[in-house]
Amino acid sequence: MGLFDILSPRAVASCILILSSLAQDVAAIPSAKSPWVRNAYAKKKMTDHVKRAVYGTHVTRSEPELCADSVATSIKAPKSNPWKHLADYETAAVVEWMFQQPDLNLTTSDEAGSWDNTIQLVEAMWPNKTDALAYIDGTAQPPVKYAHVVLNNRATEDAHYADIIVGPLPVDNATTKWEPLTFPWTKQNGGKVRNLDADTDILYGQWLFKIGAEIADITKDLWNATAMGMENDTLAIWGIDPLWQDDGKIIRWDTFWRTASGEIAGDGGTLMPLGLYFSSDVTGRDPSKWKIEGWLYNSIFYETTEAFKEAYWSEGFVKLPPNDEGLWTGTDHKGDVPARDTAHPPTMVAPAGNRFGVDHEEQYVEWMDFTFYIGFTRDVGMTLYDIRYKGQRLIYELGLQEALAHYAGNDPMNSGTAYLDTFYGFGPFAFELVKGYDCPAHAHYLNSTFYVSETSHTHVDSICLFEYVSDFPIQRHTTTDYVSVTKNTYFVVRYVSTVGNYDYTFTYSFFLDGSIAVEVRASGYIQSAYFANNEDYGYKIHDALSGSMHDHVLNFKADFDVLGTNNSVQFVSMVPVSKSYPWSKGKVRNTMAIERSFLENEDQGRFNWAPNSATQVIVVNEEEKNKYGEYRGYRVLPYTGAAHLTVKNSTNLANSCNWAGYDVQVSVRKDTEYKSAHPWNSQDVHDPPIDFDKYFDGENLRGEDLVLWLNLGMHHIPHSGDLPNTVMTTAHSGIQFMPSNYFEGDESRKTVNQVRINYADGHATNVVTFGQFDMKAAAKSEEGTCSKTCKLDFTPADPAHEKYMGDIVVRKFPFDPNNPYFETIGIS
């Protein structure tokens, strides 16, 4: 993937995640070079064990011994994965070839300045669905491979990002070409979008430090601190994202924050706003033409720095209290220990080993009757492809598209902030998972890889796969003579991405009845607001702190193929009716009935979940009915907490987030409408690369290849329980896909992990286990799956957290595959 060679607004705004090749805290002197390029000491030598992880061989670490091998069964995918990332040598060949193209005028990242062109991203280009299906469903050859490349062109007054494609691969000087990537864009601009942050690495930092120095007398008086770019600064300055883009101007609003000292275990910078704001006109790339446009303090606006200073030093000026670091900002244990909490909590184990299969080379997974492929990209992290049940595809593509955090407040910082997180990318921040916490200790793990500044970084064990047994059965029933109950075993694929101040946990779950669930949970530090006059936008949650209200909206793409690609969306509604019947003797009865209808065209294709959950939304194939005459399909329904954007016609985002306004949106699938959003949408909010509204032009939706664009999210008004971190118990949203008349009965009846207990006269007369594994018998047998030394009362196995690794880096230009090294781009 391609990270940014410059300081991105949210990377500054959070003051938490710092990409050392791209960004730096504004309290430090900016630097354009990556530490792993300029600092030899950062290149820590890898062992052969780690090299195997870099080059695609799965690494099984030495963990405490379990009852059986916890590694997934090694299987072979039926076809190679057309959605997998480029291999190291392929990326290296593309980068080398690009540096040989004089028309691109490229500079290596370690030598580049603000006015040089660099390579931002190199990753696999997604195949067109038609080509992919011809391969995975038929006898066609694999789709021709191309590289998707993003250029950061700054050697011009009109700095811009450029999407291009390079190929075909493998690289051949006689056949390989590059051309603009334009077909997935609604913006007609040759695959280019302006770069508002081309000067962030040096000029913006210098600009903010200069302003901080101009009012250092005030900041020392208010907070005994400064923000001047000095090593002893204890203030940071950062502000809105995206920058305001109205009337031909580019406007910043920035504010002062207390920086975390490092003495408290936590990244509490976003909890310490100080309530002083200033506006800058930074239009163009000539900083001599930039100017201050005003100051705001305690809801009083001052048009000039001089006016603010004069007022500040005048008699009667009201000075407000600061937010300062303390134990309240840290995440470590504090307070009384709950009763019996020091005893080991219950632990989930897999006594027979993991019951699923993985092809690591092709990123292909089998569990029970489900199969799917995994893809991983810079923008959105993990996507699942070709999800099948018993060999029949249900969903071609299922994955995140964009994540929005839209704030509001009485101050310009919160009123002006609306993060579009694919600008930063989810892939680069999918760090190694913490075993036994993010995922069970018995989980199986996969690596993820991304590109940045002529290097590839591998996050080891950043995707986990595991089976789990729910705390409730999937089926049960009691009669007068027997009780029947079935274990609710399900399968999970999960990764966690930490974008700025929030950690997002993405979970895809598969169930025995054929249903699928997608869930997002959030934790981490809120971006808070200063308390003064913010009562209409949040609770006061600390001495001088307000919780800043905001909406999280996360858009997912679900490209359904229910019994083929000719699908329709059926509505089945429960409605109140007043009706007489032949047997009601002429009297009208108030009751309810079912109304059936279909979604006809894209003009009707954007809607919210019905009040009272009264309408079912079902993806069906109208040519496929079950033996009872009902359409076979999959119902789509909110799992918990589905939400769309509260703000109407966002001033901050204009046309860049038109996907966020409805719960469900249905369009005809097209190769030219591949994504709902583009990572550079924030750079031109009025005419973004992808304006989702333009997808909806009245096309027929009956019997077509359909895509459902589904919004999950949370309306968040932070309260005192969000300190120090938001908790995942309630910061949770999900959606389900469940079979509706798709099968002839309940598919979970096929599992043997159920029991029927017949009873009479106060005792069990017969216990039927249907051939499930007999743990008691195995424990008594030396030849069983478990030996006598591995009974279910064994000491719970704790993972070895001391082996947590971080990034693994491989140089791509010049290509150096034999010398990987550690360099964690991460939490500082």
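Modeller: Helices (H or I, at least four residues) and strands (E, at least two) are DSSP runs, numbered from the N terminus. The model is predicted, so that local features need pLDDT of at least 70 and side-chain atom pairs count only at pLDDT 80 or more, while totals for chains, interfaces and linings use all residues. Residues are numbered from 1 along each chain as its sequence is written, and side-chain values use heavy atoms, with hydrogens and water left out.

Biologist: How many helices and strands does the chain have?

Modeller: The chain has 828 residues. Its secondary structure comes to ten helices and 41 strands.

Biologist: Which residue does UniProt list for "modified residue: 2',4',5'-topaquinone"?

Modeller: UniProt positions are given in the numbering used here, with feature names shortened, and annotations may be inferred rather than shown by experiment. The record in question is an unreviewed entry, and the residue it lists is Tyr 502.

Biologist: Is Tyr 502 buried or exposed, and why?

Modeller: Buried means under 20% relative accessible area, exposed over 50%, and partly exposed in between (1.4 Å probe, protein chains only). Tyr 502 is found in strand S24 (residues 502-511). Because its relative accessibility is 1%, Tyr 502 counts as buried.

Biologist: With which side chain does the side chain of Tyr 502 make a polar contact?

Modeller: A polar contact is a pair of N or O atoms within 3.5 Å; within protein, one must be able to donate a hydrogen and the other to accept it, and residues adjacent in sequence count only if both atoms are side-chain atoms. At 3.1 Å, the partner of Tyr 502 is the side chain of His 550.

Biologist: Which strand gives the most to the lining of the largest pocket?

Modeller: On a 1 Å grid over the protein atoms alone, a pocket is an open set of points with protein on both sides within 12 Å along at least five of seven lines, and a cavity is a set where a 1.4 Å probe fits but cannot get out; lining residues have an atom within 4 Å of a point. The largest pocket is lined by 41 residues. With four residues, the strand that gives the most is S24.

Biologist: What volume does the largest cavity have?

Modeller: Grid points are joined across faces, edges and corners, and a volume is the space filled by probe spheres set on the points. The structure holds nine cavities of 30 Å³ or more. The space in the largest cavity is about 450 Å³.
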